[in-house]
Amino acid sequence: MLAVVIGLLITGTGVNAQTKIGYIDAETILYLMPEAAKIDSLVRHYQQDTVGKEYSSLMATYTYKDSIFRDSVHPAPAAVKEQIGKELGQLVQTLQNWQQIAQEAVQNKQSQLLAPVMKKIQDAIQAVAKEKGYTHILSRESIIVAPDADNLLQAVAKKLNVTVPPQLLPGYKAPVGGR
């Protein structure tokens, strides 16, 4: 019986020695990347130039068709008026759902632009984990308590040639009374 317990302890110790867990705030790395500002700018332009123009176009179409539908001076034939009435109903529904449609379009564009940067970050995290012998890397947000030594922010930032501001470094102490 004693031999089994010793065997389990030795085996358990071996398993624990092989596990090394680190953590990182990948979102912070993303926003430190120079590409992030460029992507934010591209997404804003997309939102204004594409999504915004589409909304303006839909609104102009609605206004035009509504004016034809309501024109009492030159009334449209009944069949045309019926068709325009159906189109107006569809346009009203589209305009009512536009916020969700626009948000999805912007999120899709943002995801498309971020994909190569996220892959670059993921590759750097994996490279640092391999170099430092980590078997598991967790998201910083999912950890309540962890030693600063296992925070891979600096190592991954260095791998990506990104500068980490001092206030984001482990152990940073804000200046006291510095006016």
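This is a predicted model: local features need pLDDT of at least 70, side-chain atom pairs count only at pLDDT 80 or more; totals for chains, interfaces and linings use all residues.
The protein chain contains 6 helices and 2 strands. Read from the N terminus, these elements follow the order α-β-α-α-α-α-β-α. The chain has 179 residues, of which 23% count as buried. Among contacts in the protein chain with a separation of 6 or more, 78% are between residues 24 or more positions apart.

Rolling a probe the size of a water molecule over the atoms shows where empty space is left. In this structure, 1 cavity of 30 Å³ or more is present. The volume of the largest cavity is about 40 Å³. Its lining is made up of Leu30, Tyr31, Ala36, Ile39, Asp40, Gln110 and Leu114. At least two of the lining residues are supplied by each of three helices, namely H2 (26-32), H3 (34-70) and H5 (98-132). Helix H3 gives the largest share of the lining, with 3 residues. By residue type, the lining of the largest cavity consists of 5 nonpolar residues, 1 polar residue and 1 charged residue.

Aromatic side chains were considered next. Across the whole structure, 1 aromatic pair is found. The pair is formed by Tyr55 and Trp98, and it counts as tilted because the ring planes meet at 35 degrees, with the ring centres 6.2 Å apart. A pair is called stacked when the planes are under 30 degrees apart and edge-to-face when they are over 60, so the angle of 35 degrees falls in the tilted class. Tyr55 belongs to helix H3 and Trp98 to helix H5, so the pair ties together parts that lie 43 residues apart in sequence. The two partners were also assigned to accessibility classes. Tyr55 has a relative accessibility of 34% and therefore counts as partly exposed. Trp98 has a relative accessibility of 12% and therefore counts as buried.

Lysine side chains are also placed over aromatic rings. Lys20 is positioned over the face of Tyr134, at 4.5 Å from the ring centre. Lys81 is positioned over the face of Phe69, and here the distance from the ring centre is 5.4 Å.

When residues up to four places away in sequence are not counted, Ile143 touches Tyr23 and Leu138. A further spatial relation involves Ile24: the C-alpha atoms of Ile143 and Ile24 are 9.8 Å apart, while the two residues are separated by 119 residues in sequence.

The phi angle of Asn161 is positive, at about 60 degrees, although the residue is not a glycine. With a relative accessible area of 72%, Asn161 is exposed, because the cut-off for that class is over 50%.

Definitions and conventions: Residues are numbered from 1 along each chain as its sequence is written. Side-chain values use heavy atoms; hydrogens and water are left out. On a 1 Å grid over the protein atoms alone, a cavity is a set of points where a 1.4 Å probe fits but cannot get out, and a pocket is an open set with protein on both sides within 12 Å along at least five of seven lines; lining residues have an atom within 4 Å of a point. Grid points are joined across faces, edges and corners, and a volume is the space filled by probe spheres set on the points. Helices (H or I, at least four residues) and strands (E, at least two) are DSSP runs, numbered from the N terminus. Ala, Val, Leu, Ile, Met, Phe, Trp, Tyr, Cys and Pro count as nonpolar, Asp, Glu, Lys and Arg as charged, and the others, Gly among them, as polar. Rings of Phe, Tyr and Trp (its six-membered ring) pair if their centres lie within 6.5 Å; planes under 30 degrees apart count as stacked, over 60 as edge-to-face and the rest as tilted. Buried means under 20% relative accessible area, exposed over 50%, partly exposed in between (1.4 Å probe, protein chains only). A charge sits over a ring if NZ of Lys or CZ of Arg is within 6 Å of the ring centre and within 35 degrees of the ring normal. Contact means heavy atoms within 4.5 Å.
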